[in-house]
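Subject: Structure handover

Hello,

Here is the structure you are taking over. Please open it next to this email and follow along as you read.

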Amino acid sequence: MAAEAFVFQTVGQILGKLTTLAFREIGLIWGVKKDFKRLQLTVSAINAVLLDAAEQKKKNRQVEDWLEKLQDVIYDVDDLLDDFMTEDLRRQLVIKGSKRKAVKNFFSNSNSLALRITMSRKLKNIRSRLEDIDADRKQFELVERAPDSPTACPLREQTHSFVRTSDVIGRDLDKNKIIELLLSNSSSSASSSTIEDISVLPIVGLGGLGKTTLAKLVYNDDEITSNFEIRLWIWVSEEFDLKKLIEKIMKDATRGVDHAHLDLNQLQAGLCSFLVSKKFFLILDDVWIEDRKKWTELKGLLNCGSYGSKIVVTTRKKATAQIVGTFPPYELEGLSNKECMSIFVKCAFKEGEEKQYPKLIEIGEEIVMKCGGLPLAVKSLGSLLYTKREVREWHYIRDNDIWKIEQKENDVLPILKLSYDEMPLHLKQCFAYCAIFPKNMEMPRLYANLYLINQWKAHGFIQSFDDSQQLEDIGNQYFQELLSRSFFQYDYMSFDNALINFKMHDLVHDLALSVAGKLVSHVKYDTRNISEGTRYLLFSAGRLEGKEFPHFLLKLKKVRSFSFQYKVGPIRKTFLDTLIKTFKCLRTLDLSGSEFEELPSSIGTLKHLRCLLIFGIKSIKALPNTICNLVNLQTLNLTGCVMLKDLPRDFGNLSCL
């Protein structure tokens, strides 16, 4: 899966820059106004067909290749425009410093003239490359589509109410708690419900956790059957269309009679006639709605039922649960390892066969632990191993990321991918970037603000359309949205329900790696195979004391993010110097976890750098004055640098801090 989200967002950012007054002025000053205009027209033409290309690439490998080539060029365009913006910012700093002679000579001395020529040539070259890409796309006959046009979502298998209780493991307690809530005479209102309102209980949790299965157990329980005159089961999914939903309810209520020929008024009348004075129990499965008005319309039609009627809504989205619920959301937890192992054995072996393979059972327990209590993940991997009896085959599954496995129709990743596909573009990009972090990494909430959100900001993922709102506040909203969609999980909370720790489930992290594609790489010191298209790099090495910068990384000239996964100890100055001189396009550089006494003066050449993290490095004694050349620097974290006594003399030049 290619990282279309990065392409979409970066193209949007490029168009945004090229249409600003600042860039019109830059074009005039540098003599490249016409080149900027031609570049804008080409990018606009490509942008118009991106949505169609994203759809076509699923069926056409050539379109997928075209998108990958476009991705590479688009990043280069963004880097070059950032070069222009950086040089203009430096020019403004010179002017602000009232150095008249310097201002007069800014574009007249030989170095500045050479820079103008170099930048102009780069722009013409990148424009030519992009025009070649634009010419190639014409062979695919891609259709122009507005950015807000809805894309077709892959169909998910519809759910139903039948389930064999004997097949379900570990959900009896949850079932009994939910039935107790449903049969109680009152609910703790999440909204201002009245006694006449139908009570609605949301079951919320990650895809693959078993919400639908649990709802089936409740639906078929004898207590529910005996307490309600009518039971109805409706699968909703992403499209919340009132007419279609009423048709589904009427069809289920009339045992399969089709009502599609009726108009909305006739359907509403028929529904009320059927439900009036009847106590009903309705399951709305797989709900994604966030439009309160649409929900109120449906609920209003259902209010003609008798007092005591109940609705259960299953959803992955906490925002949906807040909209629909009159009960507090029932947040479904993962199964225990013991329960998951019972499921795994059922799926991986014929009945009783597991006793013949004690070694496989041992490996299976390790595999199950990776599934984090997700029954669908356990079933998927157990079924995959059903025909495999060699230890090496089980080792292969245990030691490899799940996202690398060929996915079948009902596996967990496609279900998680459905959640990803439903997200807006800005969240897709922020989520995919999280693939740069180590799997199972736990972050304190404060750390998320200081680390994750600042990195999103450094890469331009956070967009503000209101000058009154800080980027950090918008980034926090992004994080909260990902948290509410279960892409992050609570680790533990304080007594006042304030989030203390969060983490990303392993399978969700696999999804992030999958959608990020070749853009994100996790490498070790002895890694050999790595894509030159890597833009975001996690260095998963151990101790680096006495070691030189790995030779295989020298070919990665366009890396935008670098960080260490572990504490690597003391590193040589030559290691740092080579790293800096190799990765000229860095936006974020995280050197925490290493130890050194001083940064090389070459740090000042990283003109794209926005975020520099050297916190916790107790041995660092000084920062070179060249760091003051980093006019784009937004974040500099020096927390815990106890040996650092002074800041460089020109520190005031860092106007973006």
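One definition is needed before the helices: the expected span of a helix is 1.5 Å times one less than its number of residues. Please also keep in mind that this is a predicted model.

Confidence

The protein has an average pLDDT of 82, and 85% of the residues score at least 70. Residues 100-107 have a pLDDT below 50, and this stretch makes 13 contacts in the model beyond near neighbours in sequence. For residues 186-196 the pLDDT is also below 50, with 16 contacts beyond near neighbours in sequence.

Helix 16 and what surrounds it

Helix 16 covers residues 358-370. Its 13 residues reach 19 Å from the first C-alpha to the last, which is close to the 18 Å expected at 1.5 Å a residue. Which residues of helix 16 are buried? They are Leu 360, Ile 361, Ile 363, Gly 364, Ile 367 and Val 368. Seen down the axis of helix 16, these buried residues fall within an arc of 165 degrees, so they line one face of the helix. Pro 358 and Met 369, on the other side of helix 16, are exposed.

The cover over the buried residues of helix 16 includes helix 15 (337-348), helix 17 (375-384) and helix 18 (391-399). After helix 16 comes Gly 372, which has a positive phi, near 55 degrees.

Helix 15 can be read in the same way. It has 12 residues and reaches 16 Å between its first and last C-alpha, close to the 16 Å expected at 1.5 Å a residue. The buried residues in helix 15 are Cys 340, Met 341, Ile 343, Phe 344, Val 345, Cys 347 and Ala 348. The buried residues of helix 15 pack against helix 16, helix 17 and helix 18.

Helix 3

Helix 3 (residues 33-47) has 15 residues, which should span 21 Å at 1.5 Å a residue. The end C-alpha atoms of helix 3 are 21 Å apart, which agrees. Asp 35, Phe 36, Leu 39, Gln 40, Thr 42, Val 43 and Ile 46 are the buried residues of helix 3.

The sheet

Strands of a sheet pair through backbone hydrogen bonds, either parallel or antiparallel. Here there is an open sheet of 5 strands in the order 2-3-4-1-5, with parallel pairing. Which strands are at the edges? They are strand 2 (230-237) and strand 5 (330-331), each of which pairs on one side only. Strand 5 pairs with strand 1 (residues 199-204) in the parallel sense, over 2 bridges. Opposite Tyr 330 in strand 5 stands Ile 203.

Aromatic pairs

How many aromatic pairs does a search of the whole structure find? It finds 25. One of them is formed by Trp 30 and Phe 84, and it is edge-to-face, at 5.5 Å centre to centre with 85 degrees between the planes. This pair links distant parts of the chain: Trp 30 is in helix 2 (residues 21-30) and Phe 84 is in helix 5 (residues 61-96), 54 residues apart. Trp 30 counts as buried because its relative accessibility is 4%, under the 20% cut-off. Phe 84, at 0% relative accessibility, also counts as buried.

Trp 66 and Phe 140 form another pair; their ring centres are 6.4 Å apart and their planes stand at 65 degrees, so the pair is edge-to-face. This pair, too, links distant parts of the chain, with Trp 66 in helix 5 and Phe 140 in the loop between helix 7 (110-137) and helix 8 (172-183), 74 residues apart. Trp 66 counts as buried at 3% relative accessibility, and Phe 140 is buried with a relative accessible area of 16%.

Ring pairs also link Phe 6, Tyr 433, Phe 437, Tyr 451, Phe 461 and Tyr 536 into a cluster.

Leu 67

Leu 67 lies in helix 5 and is buried, with a relative accessible area of 7%. Not counting residues up to four places away in sequence, Leu 67 touches Glu 4, Leu 50, Ala 53, Ala 54 and Lys 57. The C-alpha atoms of Leu 67 and Arg 137 are separated by 9.3 Å, although the two residues are 70 residues apart along the chain.

Regards

Terms used
Residues are numbered from 1 along each chain as its sequence is written. This is a predicted model: local features need pLDDT of at least 70, side-chain atom pairs count only at pLDDT 80 or more; totals for chains, interfaces and linings use all residues. Side-chain values use heavy atoms; hydrogens and water are left out. Two strands pair if DSSP finds at least two bridges between them. Helices (H or I, at least four residues) and strands (E, at least two) are DSSP runs, numbered from the N terminus. Buried means under 20% relative accessible area, exposed over 50%, partly exposed in between (1.4 Å probe, protein chains only). The arc is that of the directions from the helix axis to the C-beta atoms. Contact means heavy atoms within 4.5 Å. pLDDT is the predictor's confidence in each residue, from 0 to 100. Rings of Phe, Tyr and Trp (its six-membered ring) pair if their centres lie within 6.5 Å; planes under 30 degrees apart count as stacked, over 60 as edge-to-face and the rest as tilted.
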